[in-house]
Amino acid sequence: MLIRFTLNGEDTVYEGSASDRLLDVLRNKYRLCGVKCGCGEGECGACCVILDGRLANSCLAAMGRVEGLDVVTIEGYRTTERFKVLDRAFASVAAVQCGYCTPGIVLASECLLAVNPHPTREEIRLGISGNLCRCTGYNAIVRAIEIAAWEGDGLW
Amino acid sequence: MVDGYTPRSLSEALSLLSSHGLTPYAGGTDLMTKGYRHEGYLFLHRIPELRHITETRSELRFGACCTFTEILESKTAPAILKEAVSRIASPSIRNLGTIGGNIANGSDKADSAFIFFVTDSSVRIASCRGERTVPIKDLYLGRNKLALERDELIVEVIMPKRWLGNYRYEKIGARKSLAISLVLFAGLMSIEDGKIAHCATSYGVDSGVIVRRSDIDEIMIGLTVEEARAAKDSYIKAYDGAISPGRGRVSAEYSKVVCMNLLADFLSSMGI
Ligand SMILES: Cc1cc2nc3c(=O)[nH]c(=O)nc-3n(C[C@H](O)[C@H](O)[C@H](O)COP(=O)(O)OP(=O)(O)OC[C@H]3O[C@@H](n4cnc5c(N)ncnc54)[C@H](O)[C@@H]3O)c2cc1C
Ligand code: FES
Ligand code: FES
């Protein structure tokens, strides 16, 4: 089946099974290895992408489900000004340790700030509540998102 | 090889479903975790007739493919539904998961279906053969078993507006996010001119199907608060006999005690 969608801004046609997982296709076919398979069942958020402007688990999306939609991965997002602000903020408070969860958490941060540019701490925790991190204990991540919201004022 | 379809209208979807024996795919959050299967999917996300949230004088209508996030963002959805939906999974899963999938999944702990039970909502179902609208309660035959034919699609949920104001909703889970419910309770009660005009409760307790016993709730209807206090014991006793939890993530005994406590607490909060 031919599946048409946009991938990081480019019109893309995927030729394959409609039941292939978006996660596998991104990693194996398009070599976008920023999406990680942490659990494969929606629990960890390491596979998150932005699907039509909203955070989505690519392990829970069959290719047919993205037909006609817009997919952004961390590789596409990192070309934006907003990414640069988040990148600096995460680095400034050591919100990244092994980095496995980071692409998903950065995209979750983007989706949160896009609808709520100045979230409270509790709102930040809710915004990243589907993204597990085994290293940082979350406080540094929450702090980083607060800093990004402050430093990037007006960008979101 | 064609192994999936993305129809752009409901009639196209229904005719594909009747001729090809496909599996409807809405958000995929249940399907994709049930093993990785190569089968013919009928993708529903591009069908506008399944995406609406509308309101008439007496009813609310929610298209089957409304995601949980769309419910939360809607001005029309009532507080009881929003509260339940806000506790489902995580933001990214709420962006994908739909109410139609939640109903069709057939779980006795499906959080949005649970609200459709306590509000006595109906479900409109369509196939090439025609349409039918059934009370949600009649759609469930047993654990994960629905009275839904292979060629039928859930089109929308129809919720009566009248009694939604005064509610209580409790989801007992092991943690704040990504928590499948251990026990669910919801109650609606309206008191008009000093009398109970409406009383409805539901229980999610691993008993196969969500418990909704309007015949028991009727005990309270028409009573004054004073009379309801006198009837309280027999009302609670009736539920004690009617709720028989199965063994889920928690013991049946635990579920039962929690349900009875929540019911008693609900009544006290209404002054009963
Ligand atoms: C990590 C995780 C956490 C979860 N947490 C919760 C939770 O807290 N509470 C909860 O209730 N659920 C939870 N779920 C389950 C799931 O997200 C919900 O049941 C969701 O509503 C399913 O909807 P969907 O659109 O993704 O369904 P799909 O996976 O697309 O479909 C589910 C079933 O419904 C059928 N179907 C879908 N739409 C229709 C239709 N219109 N007509 C007929 N049949 C249809 C499909 O064929 C399939 O059999 C969780 C799932 C995951 C992965
Ligand atoms: S891999 Fe998708 S949520 Fe864990
Ligand atoms: S930094 Fe290691 S999992 Fe988050």
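I take contact to mean heavy atoms within 4.5 Å, and with that in hand I looked up chain B, where 61% of the contacts between residues at least 6 apart in sequence join residues at least 24 apart. The model is a predicted one, in which local features need pLDDT of at least 70 and side-chain atom pairs count only at pLDDT 80 or more, while totals for chains, interfaces and linings use all residues. Residues are numbered from 1 along each chain as its sequence is written, chains are lettered from A and ligands numbered from 1 in the order in which they are written, and side-chain values use heavy atoms, with hydrogens and water left out.

**Entry on chain A**

I counted six helices and five strands in chain A, taking helices (H or I, at least four residues) and strands (E, at least two) as DSSP runs numbered from the N terminus. Along the sequence they come in the pattern β-β-α-β-β-β-α-α-α-α-α. The C-alpha atoms of this chain fill a box of roughly 45 × 30 × 25 Å along the principal axes. The radius of gyration, taken over C-alpha atoms, I set beside the globule rule of 2.2 Å times the number of residues to the power 0.38; chain A has 15 Å, which agrees with the value near 15 Å for a compact globule of 156 residues.

For burial I used relative accessible area, with buried under 20%, exposed over 50% and partly exposed in between (1.4 Å probe, protein chains only). By that reading, 56% of the 156 residues in chain A are buried. Of the contacts in chain A with a separation of 6 or more, 56% are between residues 24 or more positions apart. Its accessible surface comes to about 6,800 Å², of which 48% belongs to carbon and sulfur atoms; such areas come from the Shrake-Rupley method with a 1.4 Å probe, and for residues only the protein chains shown count as cover.

Which residues of helix 1 (residues 22-29) of chain A are buried? I found A:Leu22, A:Leu23, A:Val25 and A:Leu26, and what covers them includes strand 1 (2-7), strand 2 (10-15) and strand 3 (48-51) of chain A. The helix is followed by A:Arg31, which lies in the loop between helix 1 and strand 3. I noted that A:Arg31 has a positive phi of about 55 degrees although it is not a glycine, and that it counts as exposed at 61% relative accessibility. Most residues other than glycine have a negative phi.

**Entry on cysteines**

I looked for disulfides, meaning pairs of cysteine sulfur atoms within 2.5 Å, and the structure holds zero of them over all chains. A:Cys33 is partly exposed at 31% relative accessible area, whereas A:Cys47 is buried at 3%.

**Entry on chain B**

Chain B has nine helices and 13 strands. Its radius of gyration is 19 Å, close to the 19 Å that the globule rule gives for 272 residues, so it is as compact as a globular protein of that length. I read its C-alpha trace as spanning about 65 × 40 × 30 Å along its principal axes. Of its 272 residues, 56% count as buried, and the chain exposes about 11,500 Å², with carbon and sulfur atoms supplying 50% of it.

In helix 3 (residues 79-86) of chain B, the buried residues are B:Ile80, B:Leu81, B:Ala84 and B:Val85. Seen down the helix axis they fall within an arc of 125 degrees, so they line one face of the helix; the arc is that of the directions from the helix axis to the C-beta atoms. An α-helix has 3.6 residues a turn, so residues three or four places apart point the same way.

I also looked at B:Asp193, in the loop between strand 12 (183-192) and strand 13 (195-204) of chain B. Its phi is near 50 degrees, a positive value in a residue other than glycine, and B:Asp193 counts as exposed at 82% relative accessibility.

**Entry on where the chains meet**

I found 31 residues of chain A in contact with 32 residues of chain B. The area buried between the two chains is about 2,500 Å², with carbon and sulfur atoms giving 55%; buried area here is the accessible area (1.4 Å probe) that two parts lose on being put together, summed over both. A:Arg54, A:Leu60 and A:Arg65 supply 27% of the area that chain A buries against chain B, more than any other three residues.

Is B:Ser90 buried or exposed? B:Ser90 is buried, with a relative accessible area of 0%, and its place is in the loop between helix 3 and helix 4 (91-96) of chain B. Leaving aside its neighbours within four places in sequence, B:Ser90 is in contact with A:Ser129, A:Gly130 and B:Leu178.
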